Amino acid sequence: MENTPVEILVVDDDPVACARLKAYFSAEGYAVFVARDGGEMQRVLDSEAISVVLLDVGLPGKDGLELARELRARDDGLGIILVSGRSDDVDKIVGLESGADDYVTKPFNSRELLARVKIVLRGLRGRGSKGGGSGSIRFGRWSFDIAHRRLQGSDGKREILTRGEFDLLAALASHPGVVLSRERLMQTVSHRAWDPNDRTIDVLISRLRDKLEDDPRHPEIITTVRGEGYVLIAGDEGR
C-alpha cells in the first residue's frame, strides 16, 4: 500500500460483521471505518476521504439500495459495493442499477470481497478517462449518443435506459460489429467476472431488445453469436 492507506467504509447494522470486515481489511493495509445506518454513513463520508463503501442492503431506515442511489447522484467517483443475502438475478440488476459498482451476496469469502474492492478501485482510476467519441452511433432506427447518455428514435422520441441497460448498450455500441463475450460485458457492467450461472447479462440483453427491436424474438440490432457472446449491428446492415 501507499503511505496513505485507502479508506473503506463498512455500513452494516450487524456489529459482528463490521468487526470482522474491519479486522480483515485493516490487516490488508486499509483504513477502515464502520457505520450502522445511513446517518452514521454520511457523517463518516463528511469527515473522511472514503474511496469505497461496502453497503449492506438490509439496513434499518433507508435501505442500501436507496442509499446507493443517493450516493451515486452526489458522487460518481465513489466506489459502492452492495452486500446482500439475496442472490436472484433480478436483485443483482436492481442493485447495479441503483448506482453500485458491484453486488456481493452473503455468505462471502473475505478474500473474494478484497478482490472485488481492488477491481472497483481500478475502475475508479479509469472512470475519468472513459471515452465515448463525439457524435452518435446509429443502428436500426435509433441514434445513440454515449457522451450525453441519449438514445433517440427516428421519430424524435427518446427512450429511457436504466443504468445497467445504458452501460451494456454503451459497451456494445463502442465496438460495433465486434462480438463481445458475456465475461467482458459483465466486467463492463459490474466490474466482476462472469459466472456461467449468472444471467444478469442475458436479462439486460432481453430488456434492451424489448426497447430497440421491432421484433425482439428475431433481433436484428443486438444479435447472439452462439458460444461467443453478443454483437451490435450498426449502420443500415440490420435493416
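Trainee: Which residues form one aromatic cluster?
Mentor: Tyr24, Phe25 and Tyr30 do. Rings of Phe, Tyr and Trp (its six-membered ring) pair if their centres lie within 6.5 Å; planes under 30 degrees apart count as stacked, over 60 as edge-to-face and the rest as tilted. Keep in mind that this is a predicted model: local features need pLDDT of at least 70, side-chain atom pairs count only at pLDDT 80 or more, and totals for chains, interfaces and linings use all residues. Residues are numbered from 1 along each chain as its sequence is written, and side-chain values use heavy atoms, with hydrogens and water left out.

Trainee: Okay, and how many aromatic pairs turn up in the whole structure?
Mentor: The search finds 4 aromatic pairs. One of them is Phe25 with Tyr30, edge-to-face, at 5.7 Å centre to centre and 80° between the planes.

Trainee: Are Phe25 and Tyr30 buried or exposed?
Mentor: Both Phe25 and Tyr30 are buried. Buried means under 20% relative accessible area, exposed over 50%, and partly exposed in between (1.4 Å probe, protein chains only).

Trainee: What about Phe144 and Phe166, how do they pair?
Mentor: Phe144 and Phe166 are edge-to-face, with 5.8 Å centre to centre and 70° between the planes. That pair links distant parts of the chain, since Phe144 is in strand E7 and Phe166 in helix H6, 22 residues apart. Helices (H or I, at least four residues) and strands (E, at least two) are DSSP runs, numbered from the N terminus. Phe144 is buried at 1% relative accessibility, and Phe166 is buried at 8%.

Trainee: You mentioned E7. What sheet order is it part of?
Mentor: The order is E6-E7-E8, an open sheet of 3 strands with antiparallel pairing. Two strands pair if DSSP finds at least two bridges between them. Strand E6 (137-139) and strand E8 (150-153) are the edge strands, each pairing on one side only.

Trainee: How many bridges join E7 to E8?
Mentor: There are 4 bridges between strand E7 (residues 142-145) and E8. Ser143, for instance, has Gln152 in E8 as its bridge partner.

Trainee: And which helix packs on the sheet?
Mentor: Helix H6 (residues 163-173) does, touching E6, E7 and E8, where contact means heavy atoms within 4.5 Å. The direction of H6 makes about 100° with that of E7. Axes are lines fitted to C-alpha atoms, for helices over the stretch in contact, and angles run from 0 to 180 degrees between N-to-C directions.

Trainee: Switching to charges: how many salt bridges does the count come to?
Mentor: The count comes to 14 salt bridges. The rule is a side-chain nitrogen of Lys or Arg within 4 Å of a carboxyl oxygen of Asp or Glu.

Trainee: What does Glu40 form a salt bridge with?
Mentor: Its partner is Arg36, with the closest N and O atoms 2.6 Å apart. Glu40 is buried at 17% relative accessible area, whereas Arg36 is exposed at 54%.

Trainee: And Asp145, which residue does that one go with?
Mentor: Asp145 goes with Arg150, the closest N and O atoms being 3.5 Å apart. Asp145 is buried, with a relative accessible area of 8%, and Arg150 is partly exposed at 29%.
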